[in-house]
Amino acid sequence: MIESYNAATRRCCRVSRASDARLANLLGALSTGLTDGVHEATSTAAQLDEVAATALIALLDFSPRGSVRTLSQVIGLTHSGTVRLVDRLVTAGYVARMPGRDARSRSPILTTTGATVARRVRSARERAIARHLVTLSSNERSSLTRLCESLIGAVTKQRLEQRNAGLTPAGGAVCRMCDFGACGRDKGICPAAAAAAQDSTPDERARRVVPR
């Protein structure tokens, strides 16, 4: 059972205006609709369930040579569940177990076939979301980009607060299905990475393996 950080009523987070209540409801409906579309698209592209499709994407950029433990944190699955998932992906020919950082550990690594499928799954995710942007003007897209950056930063900070309180954010890392090239992480413009950097010391940033 995951103790919920969001369930606790906090004065600063109470919805005090009808307009805020409507906005919260609209964002909730939008996120539900987008999530449903992404799950359908990625599962279909991978011919696997949602968690397996997520793991394939995570192994592309987020955890390309990490341990099973790291992958379990990234995708929000128990260690035993991740071991079974890796077994399935190995059987499917998408993942190989390679030597890890020590003699006893093994790292789940995408095979050539697995990397091809993972990129197809990630592209399916992008299309499932991008198709809803076609009606927006260039100015609306720019405004939406800025708003998303702000909200992602806020979500990241809240999840870090959650971890600092000894709780585990539901679902794993918020960036687990991201395309690091598209988000601009290598250019220093990823809003989640920026928010995490602001919230940590240099030593903590150096040790951080699984952000958000």
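Which helices and strands do the buried residues of H2 pack against? I looked this up in a predicted model. The buried residues of H2 pack against helices H1 (18–46), H3, H4 (79–91) and H5 (112–130), and against strands S1 (95–99) and S2 (106–110).

**Entry on helix H2.** I next examined how far H2 is covered. Helix H2 spans residues 50–60 and is mostly covered, with nine of its 11 residues buried. I noted the buried residues by name: Ala 52, Ala 53, Thr 54, Ala 55, Leu 56, Ile 57, Ala 58, Leu 59 and Leu 60. I then turned to the start of H2, where a side-chain oxygen of Asp 49 comes to within 3.2 Å of the backbone nitrogen of Val 51.

**Entry on Ser 72.** I located Ser 72 in helix H3, which covers residues 68–75. Is Ser 72 buried or exposed? I found a relative accessible area of 8%; because this is under the 20% limit, Ser 72 counts as buried. A polar atom of the Ser 72 side chain lies 2.6 Å from the backbone oxygen of Arg 69. I also listed the contacts of Ser 72, leaving aside neighbours within four places in sequence: they are Leu 77, Thr 78, His 79 and Thr 82.

**Entry on confidence.** I recorded an average pLDDT of 86 for the chain, with 85% of the residues scoring at least 70. Over residues 202–209, however, the pLDDT is below 50. I noted that this stretch has eight contacts in the model beyond near neighbours in sequence.

Key: Residues are numbered from 1 along each chain as its sequence is written. This is a predicted model: local features need pLDDT of at least 70, side-chain atom pairs count only at pLDDT 80 or more; totals for chains, interfaces and linings use all residues. Side-chain values use heavy atoms; hydrogens and water are left out. Helices (H or I, at least four residues) and strands (E, at least two) are DSSP runs, numbered from the N terminus. Buried means under 20% relative accessible area, exposed over 50%, partly exposed in between (1.4 Å probe, protein chains only). A polar contact is a pair of N or O atoms within 3.5 Å; within protein, one must be able to donate a hydrogen and the other to accept it, and residues adjacent in sequence count only if both atoms are side-chain atoms. Contact means heavy atoms within 4.5 Å. pLDDT is the predictor's confidence in each residue, from 0 to 100.
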